[in-house]
Amino acid sequence: MKNILLLLLVSLTLACTASENTPPEPDKPTKIIFLIGDGMGLSAVSTGFYFGDQPSVFNRFHEIGLQQTSSASHKITDSAASGTALATGTLTYNGAIGVDTAKVSLQNIAELVASMGWSTGVVATSTISHATPASFYAHVEQRSMEEEIAVQMLDSEIDFFAGGGRAKFNERADSTDILLLAAEKGFTIDTTSLPAPGSLNGDQKYGFLPQAGSMPSRRDGRGDFLPDATVLAISHLSQDQEGFFLMVEGSQIDWAGHANDAKYLVGEMLDFEKVIAAALDFAEKDGNTLVVVTADHETGGYALGPEVPKEGQEGYSDYTVIEPVFATGQHTATLIPVFAFGPGAENFKGIYKNTEINHKMVALLKGE
Ligand code: MG
Ligand code: ZN
């Protein structure tokens with residue numbers, strides 16, 4: 001008996017020694033940059049391979065997975081349910097922002113990291129009160145309640161926001177100008193332009209609302225608003241020594257898909273690639289930043305087909321020319337790629353539900 005106990009003790013000691021000698025796990029991320037291309041399916045991701053003038057930024061990722069996007073109510077999700085799934089890790093009904101199927105508020109990842117002392121930001125080219133960004137700070141029963149969502153922004157833990165939708169704050173149906181309340185809620189609001197990175201005070205909260213409605217499309221003169229706002233957000237939020245969470249949405253990839261407008265889509269995708277490049281450049285230097293890029297769903301059934309055969313032409317189309325086609329003006333249910341870089345990126349391999357993306361990020365930031 002004594003010998004058995006001794007053997008047990010020795011093997012336990014050996015087991016402990018062995019685990020002490022295994023190489024340490026990579027540090028858990030202290031910063032997460034979550035990039036959502038609304039409506040961005042695999043053909044949209046392929047844009048830089050055929051329509052870009054430099055190598056696609058997606059070549060920089062080595063950890064890639066697929067997510068399935070159905071909501072609790074529909075096989076084909078909308079951006080509210082999928083935004084909520086990504087932000088909170090819980091499936092809900094189409095139209096819901098930050099609430100579950102019983103319309104009860106869910107904690108989102110921005111609120112979770114704020115409770116850990118991290119700073120948070122959201123950036124979009126839609127109105128900032130639109131479904132995708134709203135999922136990261138608001139809780140309402142229907143996505144159409146954008147003026148209520150704007151109220152909730154000013155009461156939220158968000159430290160930096162930039163996007164369209166000023167009118168949801170100061171040209172409201174209830175005739176109130178809630179931008180007048182922004183200062184007492186701790187926000188400095190700029191309704192004109194983005195300042196240079198490095199010019200913002202780390203202890204303050206900022207909102208940038210240069211347009212009454214959505215930001216213009218890239219094609220209609222938006223310029224580099226989205227990559228510039230991303231760089232400004234990173235420069236502001238990275239002043240927080242604890243860490244930060246930033247969500248940036250390429251909002252209008254979806255709108256190009258709904259419009260079945262390939263040129264619009266290519267412009268929005270190449271713009272979103274600049275955002276991804278800026279995030280990866282920061283993450284490579286930083287070493288503790290997890291970058292996750294995905295979509296909420298696909299839009300348009302966008303496909304990179306060949307040039308359509310000419311009238312009277314026999315046989316195959318011309319396979320030397322890509323002429324994109326669309327299968328629908330709506331969302332589709334196709335699986336969506338997930339790209340990850342940085343500490344814990346390997347956890348994003350595989351095929352899983354959209355809610356798992358949230359669960360994986362939360363597990364990593366908790367060091368689980
Ligand atoms: Mg969206
Ligand atoms: Zn859509």
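Which side chains meet in a salt bridge at 3.0 Å, N to O? The side chains of Arg143 and Asp78 do, where a salt bridge is a side-chain nitrogen of Lys or Arg within 4 Å of a carboxyl oxygen of Asp or Glu. Arg143 sits in the loop between helix H6 (131-134) and helix H7 (146-154), and Asp78 in the loop between strand E2 (63-68) and H4, so the pair ties together parts that are 65 residues apart in sequence. Helices (H or I, at least four residues) and strands (E, at least two) are DSSP runs, numbered from the N terminus. With a relative accessible area of 11%, Asp78 is buried, while Arg143 counts as partly exposed at 27%; buried means under 20% relative accessible area, exposed over 50%, and partly exposed in between (1.4 Å probe, protein chains only).

The model is predicted, and local features need pLDDT of at least 70, side-chain atom pairs count only at pLDDT 80 or more, and totals for chains, interfaces and linings use all residues. Residues are numbered from 1 along each chain as its sequence is written, chains are lettered from A and ligands numbered from 1 in the order in which they are written, and side-chain values use heavy atoms, with hydrogens and water left out.

By the salt-bridge rule, the count comes to 14. One of the other pairs is formed by the side chains of Asp271 and Arg222, at 2.6 Å, N to O. Asp271 belongs to helix H12 (residues 262-286) and Arg222 to helix H9 (residues 218-222), so this bridge ties together parts that are 49 residues apart in sequence. Asp271 counts as buried at 1% relative accessibility, and Arg222 is likewise buried at 7%. Salt bridges that share partners join Arg218, Arg222, Asp224, Glu268, Asp271 and Lys274 into one network.

A further salt bridge brings together the side chains of Lys103 and Glu141, at 3.7 Å, N to O. This pair links distant parts of the chain, with Lys103 in the loop between H4 and H5 and Glu141 in the loop between H6 and H7, 38 residues apart. Both partners are partly exposed, Lys103 at 45% relative accessible area and Glu141 at 40%. Lys103 also has a backbone feature to look at: its phi is positive, near 65°, in a residue other than glycine. Most residues other than glycine have a negative phi. Ser175 is also not a glycine, and its phi is positive at about 60°. Ser175 lies in the loop between helix H8 (167-170) and strand E5 (187-190), and is exposed, with a relative accessible area of 67%.

Asp38 lies in the loop between strand E1 (31-37) and helix H2 (42-45) and Glu249 in strand E7 (residues 244-250), so the pair ties together parts that are 211 residues apart in sequence. Donors are N, O and S atoms within 2.8 Å of the metal (3.2 Å for Na, K and Ca), and water is not among the atoms, so sites may look incomplete. Asp38 and Glu249 are both buried.

The zinc ion (ligand 2) is coordinated at 2.1 to 2.3 Å by Asp254 (OD), Asp254 (OD), His258 (NE2) and His331 (NE2). What angles do the four donor atoms around the zinc ion (ligand 2) subtend? The angles are 57 to 154°, which makes the arrangement irregular. Four donors count as tetrahedral if all angles lie between 85 and 135 degrees; four count as square planar and six as octahedral if opposite donors are over 155 degrees apart and all others between 65 and 115; anything else is irregular. Along the chain, the zinc donors follow the spacing D-x3-H-x72-H. Asp254 and His258 are four residues apart in helix H11 (residues 252-258), and are therefore separated by about one helical turn. Asp254 is buried, with a relative accessible area of 5%, whereas His258 is partly exposed at 33%.
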